[in-house]
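Please keep the sequence and the structure in view while reading.

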Amino acid sequence: MFLLAVPLGAAIPVWQYFALRGVQYVVTDAALYVKRGVLTRSVTQANLETVQNSSFEQDITGSIFGYGSVTFEIAGGEDLSLRAIEDPRAIRALVDQAAMNDDGLGGGDRRASDIPGDLTQWQHVRDELRAIRSSLER
């Protein structure tokens with residue numbers, strides 16, 4: 001019995017190490033990605049425009065060594081957690097800022113002034129496309 005418990009007891013920390021090493025987090029200006037897997041790979045994506053709320057946690061050792069976890073509440077989906085990351089407060093602030101950004105890179109609405117041209121130019125484009133379509137239909 002003891003001989004069976006020793007390999008099992010050693011296998012659990014080794015598996016936890018590889019499981020932790022098998023997780024990658026990617027934060028872009030449009031989405032959050034969590035890639036998981038040791039033997040297989042799964043990727044979870046959440047667009048920044050769907051991030052509704054966020055929080056971060058640090059226990060006592062995380063506060064001392066500068067690591068922790070950030071959790072994002074996703075509209076219409078499961079929460080997304082980034083665990084054991086460096087400086088979770090900065091990551092949370094970065095994602096919150098990108099999600100609230102009004103320049104079209106996050107969850108903010110695109111302003112009309114961000115669209116090039118004016119109404120008459122777009123009406124000319126529409127008329128030209130209609131003319132092209134009617135010539136193709138002939």
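Which residues make a nonpolar surface patch of about 520 Å²? In this predicted model, the patch is made by Trp122, Val125, Leu129, Ile132 and Leu136, and Trp122 itself lies in helix H4, which spans residues 119-137.

**Overall make-up**
- The protein has 4 helices and 6 strands, and these follow one another along the sequence in the pattern α-β-β-β-β-α-β-β-α-α.
- Of the contacts in the protein with a separation of 6 or more, 24% are accounted for by residues 24 or more positions apart.

**Burial and surface**
- Buried residues make up 17% of the 138 residues, while the protein exposes about 10600 Å², of which carbon and sulfur atoms supply 57%.
- Trp122, one of the residues of the nonpolar patch, counts as partly exposed because its relative accessibility is 45%, a value that falls between the 20% limit for buried and the 50% limit for exposed residues.

**Nonpolar core**
- The largest nonpolar core holds 14 residues, among which Leu32, Leu48, Val51, Phe72, Ile74, Leu80 and Val95 touch the most other members.
- At least two residues of this core are supplied by each of strand E2 (31-36), strand E5 (67-74), strand E6 (80-86) and helix H3 (88-100).
- Leu80, when residues up to four places away in sequence are not counted, touches Leu32, Val34, Thr44, Ala46, Val70, Thr71, Phe72 and Ile74.

How values were computed. Residues are numbered from 1 along each chain as its sequence is written. This is a predicted model: local features need pLDDT of at least 70, side-chain atom pairs count only at pLDDT 80 or more; totals for chains, interfaces and linings use all residues. Side-chain values use heavy atoms; hydrogens and water are left out. Buried means under 20% relative accessible area, exposed over 50%, partly exposed in between (1.4 Å probe, protein chains only). Contact means heavy atoms within 4.5 Å. Accessible areas come from the Shrake-Rupley method with a 1.4 Å probe; for residues, only the protein chains shown count as cover. A nonpolar core is a set of buried Ala, Val, Leu, Ile, Met, Phe, Trp, Tyr and Cys residues joined through side-chain atoms within 4.5 Å. Patches are made of residues with over 30% relative accessible area and no salt bridge: like charges are joined within 9 Å, nonpolar side chains (Val, Leu, Ile, Met, Phe, Trp, Tyr) within 5 Å. A salt bridge is a side-chain nitrogen of Lys or Arg within 4 Å of a carboxyl oxygen of Asp or Glu.
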